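Opened the notebook for a new chain today. I want the strand pairing first, then the overall shape.

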Amino acid sequence: MVTAMVLIFSLVLSFLAILIAFDQARQQRVHNQKSVKPLPQIDLMDRDGLLFVHVQNNGVGPMTVDKLTFTRNGKKSYRIQDCLEIDPKKYHHIEVTDTNKKVVIPGGFLLVFSEQLDPSDNQEMIELFRQQLSALHLKVEGRDIYDNKISIEKSLAWFARHNKNA
């Protein structure tokens, strides 16, 4: 009788130990995924003739950028040069395609658009860039190293702020 109770008690303890081990493994997996999670942010700059759009990774893990989607007047494009009525040779830009995906390391950034102009000589060109960029909406789609999807969006209307005061 006593040996049967000890046997049952041993089985129950063994079963509980297995459940606890599985739960610990699950918690460790969740922790590992969170400890290398990217935290993307779309940054805009317009100062002293420098205009840019960056995708900054403020997280602790890398982010693979799978797609950039630009929307202008309801029309979508995967290339910024298709949305701007400015010669693409006049600014720096990047394309992300199925065969040309980009990885943004922690603390790094992906330059989506950039141009440096001397504000004393190029005020008209700066205003043209501001006007063209302000009509865009950017969506960035990517994933982390565990293949979890990440998506962020931002309107670039911020570039029009100078026109409102004029």
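**Strand pairing**

I looked up Asp43 and found that its bridge partner in S2 is His54. This is a predicted model, where local features need pLDDT of at least 70, side-chain atom pairs count only at pLDDT 80 or more, and totals for chains, interfaces and linings use all residues. Residues are numbered from 1 along each chain as its sequence is written, and side-chain values use heavy atoms, with hydrogens and water left out.

I then followed S1 and strand S2 (residues 50–57), which pair in the antiparallel sense over eight bridges. For me, two strands pair if DSSP finds at least two bridges between them. S1 and S2 belong to an open, antiparallel sheet of four strands, ordered S1-S2-S7-S5. Its edges are strand S1 (40–47) and strand S5 (92–93), each pairing on one side only.

**Whole chain**

I got three helices and nine strands for the chain; these are DSSP runs numbered from the N terminus, helices being H or I with at least four residues and strands E with at least two.

I checked the spread next: the radius of gyration is 25 Å, well over the 15 Å from the globule rule for 166 residues, so the chain is more spread out than a compact globule. That radius is taken over C-alpha atoms, and the rule is 2.2 Å times the number of residues to the power 0.38. I also noted that the C-alpha trace spans about 95 × 30 × 25 Å along its principal axes.

Last, burial: 34% of the 166 residues count as buried, meaning under 20% relative accessible area (1.4 Å probe, protein chains only).

Notes: Buried means under 20% relative accessible area, exposed over 50%, partly exposed in between (1.4 Å probe, protein chains only).
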